[in-house]
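I opened a notebook for this structure. The entries below follow the order in which I looked things up.

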Amino acid sequence: MRRDDFPILRREVYGRPLVYLDNAATTQKPQCVIDAITEAYQSVNANVHRGVHFLSQKATERHEAAREHIRKFLHARSATEIVFTRGTTEAINLIATAYGEAFLREDDEVLLTEMEHHSDIVPWQLLQQRKGIRLRMIPVTETGEIDLAAAESCFTPRTRLLCMAHASNVLGTVNPVRQLADMAHAHNCHVLVDAAQSVPHLPVDVQALGCDFLAFSGHKVYGPTGIGVLYGREDLLEQMPPYQGGGEMIARVALTGTTFADLPYKFEAGTPDYVGSHALSTALSFVEETGWEAICRHEAVLTRYATERLQAIPGLRIYGTAAGKDPVIAFNVQGIHHLDLGTLLDRLGIAIRTGHHCAQPLMDRYGVEGMCRASFAMYNTMEEADALAEGLERVRKMF
Ligand code: PMP
């Protein structure tokens with residue numbers, strides 16, 4: 001759907017039509033997003049917030065309109081709860097640093113899940129080294145779901161924060177965030193949701209999810225690279241110290257000390273990516289115009305069809321079989337190294353991802369070094385699922 005809006009999909013690789021199935025890594029950009037970036041530099045470029053002049057005011061208006069759009073998109077209570085970051089990774093690092101400083105003491109526990117992306121593991125390990133916090137992991141079942149029975153017993157009186165992916169970038173599992181958030185809150189824990197893989201595929205409502213923090217990346221939802229969002233509950237953000245120091249985040253600086261700006265600017269040191277915020281807002285409008293119902297239906301039908309085609313291939317094992325999955329299929333084919341598979345498919349014009357998918361604890365869970373992953377977006381077609389299955393059959397016959 002809306003395939004014609006994405007100019008890159010018309011190109012060929014190695015003289016073959018591009019079959020782009022690496023959307024969980026990054027999505028392609030519709031023409032309107034590309035145009036929004038060009039137009040911003042052509043006609044509205046000026047630094048925001050500090051300038052009184054016409055262009056600076058226009059750029060500021062756009063940047064703040066984008067923030068308000070994202071507030072609505074996530075159903076946050078206030079635009080002060082929307083902090084622009086470089087992406088999901090920076091948002092989680094911000095929380096690990098600033099929340100860690102304000103709320104975590106030695107021997108406090110942060111609870112993760114076995115399906116977390118490295119960007120929701122390593123910042124906590126860095127904090128572990130700095131502050132002596134402890135990390136625990138909720139196990140994942142064979143079907144690729146959070147083990148809810150085990151989850152309950154992972155909470156201790158020292159658990160302060162639960163960090164979980166809304167959707168797994170490998171298994172595709174959409175986690176029962178509300179249920180886990182309720183469980184965490186009953187144990188007096190805060191909840192951070194990594195929504196990098198859910199925001200592109202389903203409506204995300206921070207109030208309905210009951211989370212305290214949520215992060216996502218613009219580039220995974222048809223927006224530009226280099227911009228992302230941290231949602232944080234206002235009362236918690238208020239209690240947290242700044243993440244970085246510099247311009248934009250201060251109220252008054254004197255050599256004897258500095259007072260900080262109000263939310264959300266306290267967490268936005270330096271010139272923000274005001275072109276990126278505008279282009280991200282354009283991408284979200286594109287998604288809204290297309291409509292969640294149509295996107296979800298198309299991606300679910302496509303994922304079901306591709307799964308059926310892949311399951312028919314002898315020796316192919318799919319990892320992650322939960323109902324209502326994200327449009328992501330991770331797999332291995334017996335006797336063929338995932339890297340070889342990816343390389344040979346690439347020569348047929350088919351782009352998939354291979355490797356550990358920045359989720360090595362999950363690879364350990366399944367006892368594999370890596371997996372292949374095909375991931376779909378709104379613009380992928382049944383013919384592309386056929387091309388993947390036929391490509392896999394062709395490669396399999398080479399071994
Ligand atoms: N979390 C998940 C679940 C992801 O899939 C990704 C990207 N692969 C990230 C976090 C990190 O996103 P970014 O690199 O855009 O910061």
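How many nonpolar, polar and charged residues does the lining of the second largest pocket have? I counted by class seven nonpolar, six polar and four charged residues. Ala, Val, Leu, Ile, Met, Phe, Trp, Tyr, Cys and Pro count as nonpolar, Asp, Glu, Lys and Arg as charged, and the others, Gly among them, as polar.

I noted that this is a predicted model, where local features need pLDDT of at least 70, side-chain atom pairs count only at pLDDT 80 or more, and totals for chains, interfaces and linings use all residues. Residues are numbered from 1 along each chain as its sequence is written, and side-chain values use heavy atoms, with hydrogens and water left out.

Next I looked at what lies around the second largest pocket. Among its 17 lining residues, Phe-84, Thr-85, Arg-86, Glu-90 and Ala-269 are nearest its centre. The elements that give two or more residues to this lining are β4 (82-85) and α3. Strands are DSSP runs of E, at least two residues, and helices runs of H or I, at least four, numbered from the N terminus.

I then turned to α3. Of its 16 residues, 12 are buried, so α3 is largely enclosed by the rest of the structure. Buried means under 20% relative accessible area (1.4 Å probe, protein chains only). Among the buried ones are Glu-90, Leu-94 and Phe-103.

Last, the largest pocket. Its lining draws its largest share, three residues, from α3. Domain 1 (3-21 + 291-396) and domain 2 (33-288) both give residues to this lining, so the pocket lies between them. The domain bounds come from an automatic or database domain assignment. On a 1 Å grid over the protein atoms alone, a pocket is an open set of points where a 1.4 Å probe fits, with protein on both sides within 12 Å along at least five of seven lines; lining residues have an atom within 4 Å of a point.

Methods. Buried < 20%, exposed > 50% of the residue type's maximum accessible area, 1.4 Å probe, protein only.
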